[in-house]
Number of protein chains: 2
Amino acid sequence: MAIGEEMLVLARAAQQASRLLATLSSAKKNELLLAMAIALEDGSKQLQAENEKDLTRARENKMAEAMVDRLTLTPERIREMAGGLREVAALPDPVGEITGMWLRPNGIQVGRQRIPLGVIGIIYESRPNVTADAAGLCLKSGNAVILRGGSEAIHSNRAIGAILQQVLKDLELPQAALQVVTTSDRNAVTELLQLEDQIDLIIPRGGEGLIRFVAENSKIPVIKHYKGVCHTYVDAHADLQMAEEICLNAKVQRPGVCNAMETLLIHRDCAAEFLPQIVASMEKSGVELRGCVAAQKIIPGLLTATEEDWQAEYLDLILAIRIVDSYEQAREHIETYGSLHTEVIVTDDYRLSQRFLREINSSVVMVNASSRFSDGHQLGLGAEIGISTSKLHSFGPMGLEDLTTRKFIVLGDGQVRR
Amino acid sequence: MAIGEEMLVLARAAQQASRLLATLSSAKKNELLLAMAIALEDGSKQLQAENEKDLTRARENKMAEAMVDRLTLTPERIREMAGGLREVAALPDPVGEITGMWLRPNGIQVGRQRIPLGVIGIIYESRPNVTADAAGLCLKSGNAVILRGGSEAIHSNRAIGAILQQVLKDLELPQAALQVVTTSDRNAVTELLQLEDQIDLIIPRGGEGLIRFVAENSKIPVIKHYKGVCHTYVDAHADLQMAEEICLNAKVQRPGVCNAMETLLIHRDCAAEFLPQIVASMEKSGVELRGCVAAQKIIPGLLTATEEDWQAEYLDLILAIRIVDSYEQAREHIETYGSLHTEVIVTDDYRLSQRFLREINSSVVMVNASSRFSDGHQLGLGAEIGISTSKLHSFGPMGLEDLTTRKFIVLGDGQVRR
């Protein structure tokens, strides 16, 4: 069978399964996820053996050590995957929720009710734990899921998929509810991305290259997350002790993730006091600092920040610093260089805090808190399937609810239109 | 200037304007819409004169009479456009609404707040009234709008655009908030559809050809509405008098629109009684009927419905009729041939009504009411910018709220992540 036809058969089976999934009770879906958690733990040895095949090949191919680490399934990571499924099972089910109902003058009642999206395709890179995590979120929200991981994790993903599919079979649910695409044919993704009549949403998870490839080749709606160039603006009326703690946390607590701060904006009225303080503590934490001309005047010898620095998502212990003349200039900087991810103001000025919340339209806008909270778990969504930095459907961290849509329901007693 | 560059300049100006629009008070936006309504009425003569140029060319080109009618701006239609703007001004403003706020264990408060999408592109065909209608909805929801109408309405659209832009100027608002693209260059649309960094959403309004062209050529998210193949299922436990009224209304009250019924499904247990009754009243209303074999046994001489009929969006006084053995068969028919638009069940069986509402995942699902209510005004959204039959972002009729997205807002007092 040609790869295009193979993907179509698979997507049609997923669509068929999605109709049943949409009608499952929460209890049944939770039973499924909990059984999957046990099956992963019981299959730990087998998973490690299959994972070892991927690791062997990775080492043969001289894969970077950080990549090999991401690829590795230890007993602890397998327990974490199982734990993730148990957490999702414990979350409230969004499906069926009626988000509003109203009576029209002619007596019909109109409501909006959450339903699953249908079939979700996840295209991801090396981490095999995504297979179980994404499957749990999609199934809990009543969606069928098609998973396409990277070729470097093919044995691991196939083994996880087989274990999870066996659980579907044991519970007499369609195995097509969860399918792992493990063909070595590199056209599989391109073919999947054409199936707009069968697949309702594509979520790419990985580097910018993968996301751009998927976005540019997909006929199916894609939820994109390119990068996180997060700003913290320390206002003239900030509590500088608080500002220091927030900035330090935002930069160094975990620099390699998208919600870490990349650029620090400081109001000129507090720069003379705050800049030496934050420079000292950042340098103590091993952060390389690059500043604007005004910052260099206060801290002689500070490296120069160029246009590229204002655009950079370092994902590393590097920070760009700019001194601004006003809140307006900070806002303009964020509008020019921001990525619509997360922006923070540190201030004790009530009016300015309200302006910042109102005027900055990034997906997450914070007052007096670390940008590191910009995450589905931290914000209270319970779990996270991804982060959207484009505005359609979802904006910001996405939880279970973001894997649903709403239909209108109408209850009449014979009304017709005049 | 090359057309690509021209569109980029225009889209950048729209994006710049959108930042201001996002912060306008509801009062200011309402003032704008009401002033636009007056300006359209005041410019009625001028609009008709410009419209006459389009009509002259249309007649020269032997445009079909129905199309010429759509293109025509009468004094009454201009008053209706103005009235539409006044209605939108009277609607509640979705922007700024906080749809939920919760406290996390560490004391941060997390909320979700509605914000405009940013810049919306509307690509439409002949009706010039879309120019004012769409502009009103986009501006009220704080979005900048780029309007590209059909070449056949170019003089009319340009005149409407000029009047509305003058109002923006008079109120000292950026004219780039509303731009009508009136170049004769046919590549303008294709170029606009590439500008994913400037334009947030594209809404095509017109025939299936236009919508497919836009969907296939756009890098920007598109809200699609291909067609409405709406079903009414008359159950064995239906009140047949009610069923007749609902079916008749759904088919004949306005057959040329997407929420008209196209296929009637009848349970076999009531077919012998109901079919002759509905055939008689449909024929009295001039409806051409096409039935399955079982229907032909009850009504000798009934035309044969083929596979094509089950897929057809007639938009005309034609109806396909199928007798089904069970609710399950009706559901299967809808899943196979439906367009996810609107489906209706007529029944007095409580359990079955609940199953239908739960199991049929079209964008609008009704019990005992005419499918003709599937419309933003009728469902109580106040106005309608379009209907989405794909599930991302919006599903079904779209009102002002659907032109917004939600950002997260976080209020802290110095929290950092541990």
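Tutor: Let's start with one bridge: Ile115(B) has Thr405(B) in S16(B) as its bridge partner. Strands here are DSSP runs (E, at least two residues; helices are H or I, at least four), numbered from the N terminus. This is a predicted model, where local features need pLDDT of at least 70, side-chain atom pairs count only at pLDDT 80 or more, and totals for chains, interfaces and linings use all residues. Residues are numbered from 1 along each chain as its sequence is written, while chains are lettered from A and ligands numbered from 1 in the order written.

Student: Which way do S2 and S16 of chain B run, and how many bridges join them?

Tutor: They run antiparallel, with 8 bridges between S2(B) (109–116) and S16(B) (404–415). Two strands pair if DSSP finds at least two bridges between them.

Student: What sheet do they sit in?

Tutor: An open one of 10 strands with mixed pairing, in the order S10(A)-S9(A)-S11(A)-S8(A)-S7(A)-S12(A)-S13(A)-S16(B)-S2(B)-S1(B). S10(A) and S1(B) are the edge strands.

Student: Now S16(A): what does it pair with in chain B?

Tutor: S13(B), residues 364–369, in the parallel sense over 5 bridges. Phe408(A), for instance, is bridged to Val364(B).

Student: And how many residues does each chain give to the contact?

Tutor: Chain A and chain B give 55 residues each, with contact meaning C-beta atoms, placed from the backbone, within 7 Å. On the chain A side, S16(A) has the largest share, 11 residues.

Technical notes
Contact = placed C-beta atoms within 7 Å.
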